[in-house]
Number of protein chains: 2
Amino acid sequence: MNEGVKLAEPEIDFQEYLTEKRQVIDDEIDRLLPSVSEHPRELHEAIRYSALARAQRVRPILALTAYEALGGTDLDAALPPMCALELLHTYSLIHDDLPCMDNDDLRRGLPTVHKKFNEGIAVLAGDALHDLAFQWTARSGKIELVHELAVATGSLGMIGGQVADMEAEGRAVTADEIEFIHTRKTAALIRCSLRFGGILAGAKDQCMESLTVYGAKLGLAFQIVDDILDIEGDQDKLGKEVGSDEKNCKATYPAAVGLDESHRIAGVLIDEAIAALEGCSFPTRRLTEMARYISQRES
Amino acid sequence: MNEGVKLAEPEIDFQEYLTEKRQVIDDEIDRLLPSVSEHPRELHEAIRYSALARAQRVRPILALTAYEALGGTDLDAALPPMCALELLHTYSLIHDDLPCMDNDDLRRGLPTVHKKFNEGIAVLAGDALHDLAFQWTARSGKIELVHELAVATGSLGMIGGQVADMEAEGRAVTADEIEFIHTRKTAALIRCSLRFGGILAGAKDQCMESLTVYGAKLGLAFQIVDDILDIEGDQDKLGKEVGSDEKNCKATYPAAVGLDESHRIAGVLIDEAIAALEGCSFPTRRLTEMARYISQRES
């Protein structure tokens with residue numbers, strides 16, 4: 001064999017790629033979470049129950065995909081903060097499902113935490129996951145990531161979006177209002193995930209800018225698709241009740257602009273996300289595939 | 001006037017000291033919090049309502065006292081993470097007061113957040129304060145502080161203590177169990193506050209160890225005094241209902257070992273906290289006064 005000449009490994013297809021990365025994230029979350037033998041046992045059971053339920057792991061996979069595209073290879077250092085993104089998302093779902101908010105019974109194919117345990121445990125397990133997310137982010141040694149995460153998920157980001165969402169329930173809302181809500185409630189953390197990947201890989205300003213625009217557009221599209229799936233989706237595939245937005249008189253894109261227009265807007269945003277990567281100096285194939293996947297997903 | 005000779009400023013008495021420091025903390029929290037003009041308005045109102053209510057500011061004052069004793073002078077850098085300790089405490093009170101937990105109507109002399117606003121806002125304002133605490137901690141640039149805070153307040157710290165507290169309601173508990181609960185529920189964050197002061201001032205190992213022991217003992221004593229005040233205290237001075245522990249069948253020192261023994265244990269802990277400072281190379285007068293104040297406080 002001719003040394004010095006190395007054949008490129010054949011690249012695996014996107015579904016395999018996704019399955020492989022999801023497994024990497026699942027294993028790392030399992031490894032990092034405190035054991036159920038820690039006291040108080042019920043709290044640690046609730047933490048593991050929610051964080052290890054079958055989930056898509058979209059946020060850490062986006063971070064990992066950006067990181068690897070930029071040439072990052074130190075997974076020991078990069079995975080804990082990436083998994084923190086998933087914990088942050090998980091805590092927000094637990095609180096969102098509470099009776100005083102969306103009052104949902106089913107999440108990721110399982111009873112919600114307040115149904116399986118009780119409301120007090122649900123509030124506190126969410127709080128503990130919120131803390132763990134910052135612990136895992138701090139492991140990176142990068143204070144910039146802590147600041148990014150806290151801003152993206154705070155009162156001017158995710159939580160602000162959730163409150164605006166709650167306030168909009170039961171009344172007619174404009175497309176601008178919905179965009180305000182979705183940009184904060186969902187897109188802020190997805191945008192942050194892409195920035196995590198970039199910062200961890202030491203990306204330069206121009207790459208960071210491309211990833212940020214890609215993340216913001218993709219994040220908004222993600223929530224619009226979510227709204228659409230709540231009408232057109234299959235409950236078994238989704239692992240949560242469909243029709244809950246309508247039941248709760250939620251502000252959604254379909255409610256504000258209709259189903260067809262929602263499909264169209266999601267498509268435009270996906271195209272814009274992909275276009276934001278044009279001219280990047282790093283390989284963008286997987287990020288492009290992720291964007292297509294998010295627009296076509298069934299769960 | 002003889003230049004080069006400077007008379008030492010007469011030190012102010014402890015009550016003045018406390019009032020002065022409280023004002024510094026109050027002003028800084030007010031300055032750092034987002035304005036109510038930020039959208040969503042109700043969320044930012046709830047954040048400011050809870051974080052700016054008249055409060056003792058024990059945790060940031062302890063951090064500041066340790067910091068200044070160690071010679072720290074850069075308040076611009078030190079105050080944001082110190083105020084983060086107060087936000088963290090405030091968020092935990094909001095969640096603790098919820099109907100699914102202690103179901104309290106009064107806090108710091110005002111209706112609790114879920115009474116003044118609603119339960120959804122209370123959960124989310126707590127979550128937003130939790131995020132803000134990490135934002136303010138990150139401003140220090142010290143990743144070590146982020147890690148300290150997230151560990152002290154997570155499932156093996158404050159939240160673990162709150163869950164154990166909830167689980168112990170309505171049954172007889174041993175003194176060991178109460179110590180487990182109080183060490184986590186209250187002492188972990190107070191211990192962390194002293195460590196914040198030390199880390200921010202660049203304290204050496206031996207000083208850090210003294211501050212840590214002082215903080216742990218003081219924190220436990222603080223909660224025992226709290227338990228005692230819930231029986232012997234004055235509702236107007238406390239700004240919250242008295243007798244709520246007994247009403248909720250809470251695990252407390254007085255319930256486990258009696259009122260006299262609780263007074264005795266608190267006294268021993270305060271003495272041990274003060275003794276931990278012996279041999280320190282920095283001035284310990286204010287920390288000693290803080291310990292005496294905490295054991296004799298009426299609110």
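Select helix H8 of chain B to begin: its buried residues are covered by, among others, H2 and H6 of chain A together with H4, helix H7 (143–152) and helix H9 (175–200) of chain B. The model is predicted; local features need pLDDT of at least 70, side-chain atom pairs count only at pLDDT 80 or more, and totals for chains, interfaces and linings use all residues. Residues are numbered from 1 along each chain as its sequence is written, while chains are lettered from A and ligands numbered from 1 in the order in which they are written.

**Stop 1: H8 of chain B**

Stay on H8(B). Of its 11 residues, 11 are buried. Buried here means that 20 or more other C-beta atoms lie within 10 Å of the residue's own; 12 or fewer makes a residue exposed, and in between it is partly exposed, with C-beta atoms placed from the backbone. Helices (H or I, at least four residues) and strands (E, at least two) are DSSP runs, numbered from the N terminus. Among the buried residues of H8(B) are B:Met158, B:Val163, B:Asp165 and B:Glu167. Step just past the helix to B:Gly170, where phi is positive, about 80 degrees.

**Stop 2: across to H2 of chain A**

Select H2(A). Its buried residues are A:Leu43, A:His44, A:Ala46, A:Ile47, A:Ser50 and A:Ala51. They span an arc of only 155 degrees around the axis, so they sit on the same side of H2(A). The arc is that of the directions from the helix axis to the C-beta atoms. An α-helix has 3.6 residues a turn, so residues three or four places apart point the same way. What do the buried residues of H2(A) pack against? Show helix H1 (14–32), helix H4 (75–96), helix H5 (113–116) and H6 of chain A, together with helix H8 (158–168) of chain B.

**Stop 3: the interface**

Now colour by chain. The contact takes 41 residues from chain A and 41 residues from chain B. Two residues are in contact if their C-beta atoms, placed from the backbone, lie within 7 Å. On chain A, helix H2 (41–51), helix H6 (119–138), helix H7 (143–152) and helix H8 (158–168) each supply at least two residues of the side that touches chain B. H6(A) gives the largest share, 13 residues. That side of chain A divides into 23 nonpolar, 12 polar and 6 charged residues.

**Stop 4: the axis**

Chain A can be laid on chain B by a turn of 180 degrees and a shift of 0.0 Å along the axis, with an RMSD of 0.0 Å. The two copies are thus related as by a two-fold rotation axis. To find that axis, select A:Ile143: in chain A, its C-alpha is the nearest, 2.8 Å away. The superposition is by least squares on the C-alpha atoms of residues with pLDDT of at least 70 in both copies.

**Stop 5: H4 of chain B**

Select residues 75–96 of chain B. This helix, H4, has 22 residues and reaches 31 Å from its first C-alpha to its last, close to the 32 Å expected at 1.5 Å a residue. The expected span is 1.5 Å times one less than the number of residues. Since 19 of the 22 residues of H4(B) are buried, it is largely enclosed by the rest of the structure.

**Stop 6: buried side chains**

Move to A:Leu194, in helix H9 (residues 175–200) of chain A. A:Leu194 is buried, with 29 other C-beta atoms within 10 Å. Its contacts include A:Leu62, A:Ala66, A:Leu211 and A:Tyr214, not counting residues up to four places away in sequence. Next, B:Ile29 lies in helix H1 (residues 14–32) of chain B. Leaving aside neighbours within four places in sequence, B:Ile29 is in contact with B:Ala51, B:Leu52, B:Cys83 and B:Glu86.

**Stop 7: backbone details**

Select A:His39 and A:Pro40. A cis peptide bond joins them, with omega about 0 degrees. A:Pro40 is in the loop between H1 and H2 of chain A. In chain B, the bond from B:His39 to B:Pro40 is cis too, with omega near -5 degrees. Finish at A:Arg57, a residue other than glycine with a positive phi, near 60 degrees. A:Arg57 lies in the loop between H2 and helix H3 (58–69) of chain A.

Notes: Nonpolar A, V, L, I, M, F, W, Y, C, P; charged D, E, K, R; others polar.
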